[in-house]
Amino acid sequence: MRKGLFYGLLIIGALSSVFAKVNSTQASVVVATKKVVSGVKELKKEQSKVQAKDERMADGTKVLLNPDWKYAKFSKITSGEAVFYRAENNVKNITIAVNAGHGTKGGEKVKTQVHPDGSAKVTGGTTKEGALSAVAVSSGMTFTDGTSEASANLKAAIKLKEVLLSRGFDVLMIRDAEDVQLDNIARTVIANNIAKAHVAVHFDSTNSNKGAYYMAVADNKTYKSMEPVASNWKNINALGDNIIAGLKARNVKIFGSGSMGMDLTQTSYSTIPSVVVELGDKITDYKAATESMANGIADGIETYFKTK
C-alpha cells in the first residue's frame, strides 16, 4: 500500500511538471504571438504614414477612363490612356492636367452630347448654337507652314509639362503622343478625377495673328445654372484670368481683353477649374513662342493656387 502510494505521488509529481512546462510553453507562444501581432500593427502604421505622406502615383503611370466616374457614360471614344508625370523637386502635391487639343484619329466622325443634362448649346463655335450634340474631337486647323494644329498643340503641351514639373507640379498629360483615343468628354472626366486643374492648349483658326486668349464661361444665365458649370464657373474664369495675366507678363501678345465667352464640351463637363487657352492663330510663330507661352501659363497656374 505504501509502495503504491509512493508511485502514485511520483506520477502526480511528474504530471505536474509536464503541465507546468506545457503552461510555460503556451505562455511563451502567447507572448511571442502578441509580439508578432504588435509588430505587424506597427508595420501597418508605418506604411500608412508613408501613404499619407505620399499618395501620388508612380511616374509614368497610365490612366484609363473609369466607366464609373461621373459623366464617363457620355463619352464615346475611351480606349486611350493619359500619362502621369511626377515632380521630383519642390513638390507641391498638386496635379495639373495638360491637354494638347485635337489629335484623336476619327474623332470628327463621332458625336457626343453637348451638356450632361441634355440641353442645347448656348453659343456658336465649331458646333452651332442650339445643337444637342457636338463633334467628339475636331481635327483642328493647319498652320501656314503646313503643320497641323494638333502637332503644334502637342509641342506646346510638352513644354508646359516640363516647366510645371520643374516648379514642383505633377502633370497628367491627357495626350502624350500624336494620337490619343479619348474624346473631349473622356479627357475632361479623367482630368476631373486625377487633377486639381485642367488646361487645354490650342491655336485659333483665324489668320490675323490675333494673340492669346482663353475661353471664359459663356455669360448665359441658363448655362451658368447648369451643373457642373454652376458650381465651377467662377473658378474657371479665375484660373483663365490668371493665365492671361501670366502670358501678358511674359510679353505674349493678348487678343482683346484676353477672354471670349463660350459654351464648350470641356467646360460643360468640368468639376475642377478647367480652361481652354488659344495661344494664337495659324500665322503665330508657335515655334519661337513656346518657351514664353509655357512659362506664362505656369505663372498663371501658380498665382491661382497661391490665392486658394
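Q: What makes helix 3 (residues 184-194) count as mostly covered?
A: In this predicted model, 8 of the 11 residues in helix 3 are buried. Buried means under 20% relative accessible area, with a 1.4 Å probe and protein chains only. Among the residues that pass are I185, R187 and N192. The helix itself is a DSSP run of H or I, at least four residues, numbered from the N terminus.

Q: Which strands does helix 3 lie across?
A: Helix 3 lies across strands 1, 2, 3, 6 and 7, and runs at about 165° to strand 3. Angles go from 0 to 180 degrees between N-to-C directions.

Q: Why are strands 1 and 9 said to stand at the edges?
A: The open sheet has 8 strands in the order 1-2-6-3-7-10-8-9. Strand 1 (62-63) and strand 9 (254-262) each have a single partner strand, so one side of each lacks a neighbour in the sheet.

Q: What makes strand 8 and strand 10 a pair?
A: Pairing takes at least two DSSP bridges. Strand 8 (residues 212-217) and strand 10 (residues 274-278) are joined by 2 and run antiparallel, so they qualify. Y213 stands opposite E278 in strand 10.

Technical notes: Residues numbered from 1 in each chain as written. Predicted model: local features only at pLDDT ≥ 70, side-chain atom pairs only at ≥ 80, totals over all residues. Heavy atoms only, no water. Buried < 20%, exposed > 50% of the residue type's maximum accessible area, 1.4 Å probe, protein only. Contact = heavy atoms within 4.5 Å.
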